[in-house]
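Hi everyone, thanks for coming.

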Amino acid sequence: MDRQHRQDLKHDKFVDEIGTLSTAARENQRLLVTITAAAVAIAILAYGIYFYRSNHEQKAQDALAAAMDTMDSPLLPPAGQPAQQQPAPGAKYKTDAERSAAAEKQFRAVESNYSGSDAADVAKLYLARLDAQRGDTTNARALLQQFIAGHPKHLLVGTARYSLYQLRIEAGEAPQVVSEVSAELVKTEPVLPADSLLVVLAHAYEAQGNEAKSRDTYRRIATEFPESPYAIEAQRRMGPAA
(Lines give C-alpha, C1' and ligand atoms only; values in the text may rest on other atoms or scores of the structure.)
Protein backbone atom coordinates (compact mmCIF):
# COMPACT_ATOMS: atom_id res chain seq x y z
CA MET A 1 0.00 0.00 0.00
CA ASP A 2 1.62 3.30 -1.13
CA ARG A 3 1.90 6.39 0.99
CA GLN A 4 -0.86 8.27 -0.84
CA HIS A 5 -3.28 5.38 -0.37
CA ARG A 6 -2.60 5.27 3.38
CA GLN A 7 -3.21 9.04 3.63
CA ASP A 8 -6.49 8.65 1.76
CA LEU A 9 -7.58 5.90 4.17
CA LYS A 10 -6.72 8.08 7.18
CA HIS A 11 -8.60 10.96 5.63
CA ASP A 12 -11.67 8.77 5.03
CA LYS A 13 -11.53 7.46 8.61
CA PHE A 14 -11.23 11.01 9.93
CA VAL A 15 -14.22 12.08 7.84
CA ASP A 16 -16.23 9.08 9.08
CA GLU A 17 -15.39 9.86 12.74
CA ILE A 18 -16.32 13.52 12.31
CA GLY A 19 -19.58 12.44 10.70
CA THR A 20 -20.31 10.06 13.55
CA LEU A 21 -19.53 12.72 16.14
CA SER A 22 -21.66 15.25 14.29
CA THR A 23 -24.55 12.81 14.16
CA ALA A 24 -24.14 12.04 17.87
CA ALA A 25 -23.97 15.74 18.67
CA ARG A 26 -27.16 16.40 16.73
CA GLU A 27 -28.87 13.50 18.49
CA ASN A 28 -27.63 14.72 21.87
CA GLN A 29 -28.78 18.21 21.00
CA ARG A 30 -32.23 16.90 20.20
CA LEU A 31 -32.18 14.94 23.47
CA LEU A 32 -31.12 18.03 25.43
CA VAL A 33 -33.82 20.09 23.74
CA THR A 34 -36.36 17.38 24.56
CA ILE A 35 -35.20 17.20 28.20
CA THR A 36 -35.24 20.99 28.51
CA ALA A 37 -38.70 21.18 26.99
CA ALA A 38 -39.93 18.45 29.33
CA ALA A 39 -38.41 20.24 32.35
CA VAL A 40 -40.09 23.48 31.33
CA ALA A 41 -43.40 21.67 30.81
CA ILE A 42 -43.09 20.03 34.25
CA ALA A 43 -42.27 23.39 35.85
CA ILE A 44 -45.26 25.01 34.17
CA LEU A 45 -47.48 22.10 35.23
CA ALA A 46 -46.19 22.27 38.81
CA TYR A 47 -46.81 26.01 38.92
CA GLY A 48 -50.25 25.49 37.44
CA ILE A 49 -51.08 22.88 40.08
CA TYR A 50 -49.75 25.16 42.83
CA PHE A 51 -51.72 28.12 41.49
CA TYR A 52 -54.86 26.00 41.17
CA ARG A 53 -54.52 24.63 44.68
CA SER A 54 -53.79 28.04 46.15
CA ASN A 55 -56.74 29.56 44.33
CA HIS A 56 -58.92 26.56 45.21
CA GLU A 57 -58.01 26.79 48.91
CA GLN A 58 -58.56 30.55 48.99
CA LYS A 59 -62.04 30.15 47.53
CA ALA A 60 -62.71 27.37 50.03
CA GLN A 61 -61.56 29.55 52.91
CA ASP A 62 -63.78 32.41 51.71
CA ALA A 63 -66.78 30.07 51.54
CA LEU A 64 -65.96 28.72 55.01
CA ALA A 65 -65.71 32.24 56.42
CA ALA A 66 -69.12 33.09 54.96
CA ALA A 67 -70.65 29.98 56.58
CA MET A 68 -69.05 30.84 59.93
CA ASP A 69 -70.41 34.39 59.69
CA THR A 70 -73.88 32.92 59.15
CA MET A 71 -73.43 30.61 62.14
CA ASP A 72 -72.48 33.53 64.38
CA SER A 73 -74.83 36.13 62.95
CA PRO A 74 -77.23 37.89 65.34
CA LEU A 75 -80.93 37.17 65.16
CA LEU A 76 -83.62 39.63 64.17
CA PRO A 77 -85.54 41.06 67.14
CA PRO A 78 -88.74 39.16 67.99
CA ALA A 79 -91.99 40.42 66.51
CA GLY A 80 -93.74 42.93 68.71
CA GLN A 81 -90.56 44.69 69.83
CA PRO A 82 -90.64 48.49 69.83
CA ALA A 83 -90.38 49.87 66.33
CA GLN A 84 -87.42 52.04 67.28
CA GLN A 85 -85.31 48.99 68.10
CA GLN A 86 -83.02 48.45 65.15
CA PRO A 87 -81.83 44.95 64.16
CA ALA A 88 -78.20 44.23 64.95
CA PRO A 89 -75.82 44.57 61.99
CA GLY A 90 -75.80 41.41 59.92
CA ALA A 91 -79.06 40.08 61.36
CA LYS A 92 -81.02 38.14 58.72
CA TYR A 93 -82.68 35.23 60.50
CA LYS A 94 -85.64 35.18 62.87
CA THR A 95 -84.84 31.99 64.77
CA ASP A 96 -81.80 29.95 65.75
CA ALA A 97 -83.19 27.00 63.77
CA GLU A 98 -83.46 29.12 60.63
CA ARG A 99 -79.92 30.41 61.10
CA SER A 100 -78.53 26.92 61.73
CA ALA A 101 -80.23 25.55 58.63
CA ALA A 102 -78.73 28.29 56.48
CA ALA A 103 -75.26 27.75 57.98
CA GLU A 104 -75.49 23.99 57.51
CA LYS A 105 -76.30 24.44 53.84
CA GLN A 106 -73.21 26.61 53.42
CA PHE A 107 -70.94 24.22 55.33
CA ARG A 108 -72.14 21.30 53.23
CA ALA A 109 -71.41 23.32 50.09
CA VAL A 110 -67.85 23.89 51.31
CA GLU A 111 -67.49 20.17 52.02
CA SER A 112 -68.76 19.08 48.60
CA ASN A 113 -67.34 21.86 46.39
CA TYR A 114 -63.87 21.98 47.95
CA SER A 115 -63.26 18.38 48.94
CA GLY A 116 -59.69 17.78 50.09
CA SER A 117 -59.11 21.35 51.20
CA ASP A 118 -58.36 22.38 54.76
CA ALA A 119 -61.53 24.48 54.74
CA ALA A 120 -63.63 21.41 53.89
CA ASP A 121 -62.13 19.55 56.84
CA VAL A 122 -62.96 22.41 59.20
CA ALA A 123 -66.47 22.59 57.74
CA LYS A 124 -66.95 18.99 58.90
CA LEU A 125 -66.28 20.07 62.48
CA TYR A 126 -69.09 22.59 62.25
CA LEU A 127 -71.36 19.99 60.69
CA ALA A 128 -70.55 17.69 63.61
CA ARG A 129 -71.53 20.50 65.99
CA LEU A 130 -74.84 21.00 64.17
CA ASP A 131 -75.51 17.26 64.17
CA ALA A 132 -74.89 17.12 67.92
CA GLN A 133 -77.20 20.08 68.53
CA ARG A 134 -80.11 18.30 66.91
CA GLY A 135 -79.35 15.03 68.67
CA ASP A 136 -77.64 13.14 65.84
CA THR A 137 -74.69 12.11 67.99
CA THR A 138 -73.88 9.07 65.83
CA ASN A 139 -73.05 11.16 62.78
CA ALA A 140 -71.40 13.84 64.90
CA ARG A 141 -69.08 11.27 66.45
CA ALA A 142 -68.23 9.81 63.06
CA LEU A 143 -67.26 13.22 61.69
CA LEU A 144 -65.13 14.01 64.74
CA GLN A 145 -63.39 10.63 64.64
CA GLN A 146 -62.63 11.07 60.93
CA PHE A 147 -61.13 14.48 61.56
CA ILE A 148 -58.96 13.26 64.46
CA ALA A 149 -57.72 10.22 62.52
CA GLY A 150 -56.95 12.22 59.40
CA HIS A 151 -55.48 15.32 61.03
CA PRO A 152 -53.61 14.37 64.23
CA LYS A 153 -51.48 17.54 64.06
CA HIS A 154 -54.18 19.99 62.98
CA LEU A 155 -54.63 23.17 64.99
CA LEU A 156 -58.24 22.21 65.75
CA VAL A 157 -57.68 18.55 66.60
CA GLY A 158 -57.81 19.40 70.31
CA THR A 159 -61.24 20.92 69.85
CA ALA A 160 -62.37 17.78 68.03
CA ARG A 161 -61.01 15.51 70.79
CA TYR A 162 -62.68 17.59 73.50
CA SER A 163 -66.03 17.51 71.68
CA LEU A 164 -65.74 13.77 71.12
CA TYR A 165 -65.11 13.16 74.82
CA GLN A 166 -68.22 15.17 75.69
CA LEU A 167 -70.37 13.26 73.19
CA ARG A 168 -69.12 9.96 74.55
CA ILE A 169 -70.01 11.02 78.09
CA GLU A 170 -73.51 11.96 76.96
CA ALA A 171 -73.78 8.59 75.22
CA GLY A 172 -73.19 6.72 78.47
CA GLU A 173 -69.46 6.09 78.13
CA ALA A 174 -68.47 8.11 81.21
CA PRO A 175 -66.61 5.20 82.92
CA GLN A 176 -64.46 4.62 79.82
CA VAL A 177 -63.78 8.35 79.52
CA VAL A 178 -62.74 8.55 83.19
CA SER A 179 -60.26 5.73 82.63
CA GLU A 180 -58.83 7.22 79.43
CA VAL A 181 -58.59 10.79 80.73
CA SER A 182 -56.99 9.68 83.99
CA ALA A 183 -54.34 7.88 81.95
CA GLU A 184 -53.76 10.97 79.80
CA LEU A 185 -53.31 13.21 82.85
CA VAL A 186 -50.16 11.35 83.96
CA LYS A 187 -48.54 11.53 80.53
CA THR A 188 -45.79 14.01 79.69
CA GLU A 189 -47.59 15.00 76.48
CA PRO A 190 -51.32 14.31 76.84
CA VAL A 191 -53.71 14.64 73.90
CA LEU A 192 -55.25 17.77 75.48
CA PRO A 193 -54.04 20.43 77.94
CA ALA A 194 -54.40 19.28 81.54
CA ASP A 195 -57.08 21.85 82.43
CA SER A 196 -59.22 20.71 79.47
CA LEU A 197 -58.80 17.08 80.48
CA LEU A 198 -59.85 17.93 84.05
CA VAL A 199 -63.01 19.59 82.75
CA VAL A 200 -63.82 16.41 80.82
CA LEU A 201 -63.05 14.32 83.90
CA ALA A 202 -65.30 16.45 86.12
CA HIS A 203 -68.12 16.14 83.60
CA ALA A 204 -67.63 12.37 83.42
CA TYR A 205 -67.78 12.02 87.22
CA GLU A 206 -70.89 14.20 87.28
CA ALA A 207 -72.54 12.03 84.62
CA GLN A 208 -71.94 9.01 86.86
CA GLY A 209 -73.52 10.79 89.80
CA ASN A 210 -70.22 11.07 91.67
CA GLU A 211 -70.63 14.66 92.85
CA ALA A 212 -67.77 14.48 95.37
CA LYS A 213 -65.18 13.54 92.75
CA SER A 214 -66.65 16.04 90.33
CA ARG A 215 -66.25 18.87 92.87
CA ASP A 216 -62.73 17.73 93.74
CA THR A 217 -61.80 17.81 90.07
CA TYR A 218 -63.21 21.30 89.62
CA ARG A 219 -61.23 22.31 92.71
CA ARG A 220 -58.07 21.05 91.03
CA ILE A 221 -58.77 23.26 88.02
CA ALA A 222 -59.29 26.35 90.20
CA THR A 223 -56.19 25.75 92.33
CA GLU A 224 -53.73 24.22 89.86
CA PHE A 225 -54.75 26.31 86.85
CA PRO A 226 -55.96 29.70 88.17
CA GLU A 227 -55.27 31.34 84.79
CA SER A 228 -57.29 28.77 82.87
CA PRO A 229 -60.37 29.98 80.98
CA TYR A 230 -62.23 27.26 82.90
CA ALA A 231 -61.12 28.52 86.34
CA ILE A 232 -64.06 30.85 87.07
CA GLU A 233 -66.65 28.23 86.14
CA ALA A 234 -64.71 25.63 88.10
CA GLN A 235 -64.83 27.83 91.23
CA ARG A 236 -68.58 28.09 90.85
CA ARG A 237 -69.02 24.37 90.31
CA MET A 238 -66.75 23.15 93.10
CA GLY A 239 -68.94 24.69 95.80
CA PRO A 240 -67.79 25.93 99.24
CA ALA A 241 -64.70 24.39 100.79
CA ALA A 242 -65.44 21.53 103.12
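**A helix pair**

H3 passes helix H4 in a left-handed crossing, meaning that the near helix is turned anticlockwise from the far one by less than a right angle. Helices here are DSSP runs of H or I, at least four residues, numbered from the N terminus.

Before going on, this is a predicted model, where local features need pLDDT of at least 70, side-chain atom pairs count only at pLDDT 80 or more, and totals for chains, interfaces and linings use all residues. Residues are numbered from 1 along each chain as its sequence is written, and side-chain values use heavy atoms, with hydrogens and water left out.

Back to our pair. H3 and H4 (residues 137-150) pack at an angle of about 155 degrees, with axes 8 Å apart; the axes are lines fitted to C-alpha atoms over the stretch in contact, and angles run from 0 to 180 degrees between N-to-C directions. That makes H3 roughly antiparallel to H4, the word used for angles over 145 degrees.

Who touches whom? On the H3 side we have Asp121, Val122, Lys124, Leu125, Leu127, Ala128, Asp131 and Ala132, and they meet Thr137, Asn139, Ala140, Leu143, Leu144 and Phe147 in H4. Contact means heavy atoms within 4.5 Å.

H3 itself covers residues 118-133. Its buried residues include Tyr126 and Leu130, buried being under 20% relative accessible area with a 1.4 Å probe, protein chains only. Just after H3, Gly135 takes a positive phi of about 90 degrees.

Zooming out, the protein chain has 9 helices and 0 strands, and 29% of its 242 residues count as buried.

Methods: Helix = DSSP H or I, 4+ residues; strand = E, 2+ residues; numbered from the N terminus. Expected span 1.5 Å × (residues − 1). Buried < 20%, exposed > 50% of the residue type's maximum accessible area, 1.4 Å probe, protein only. Parallel < 35°, antiparallel > 145°, perpendicular 65-115°, else oblique.
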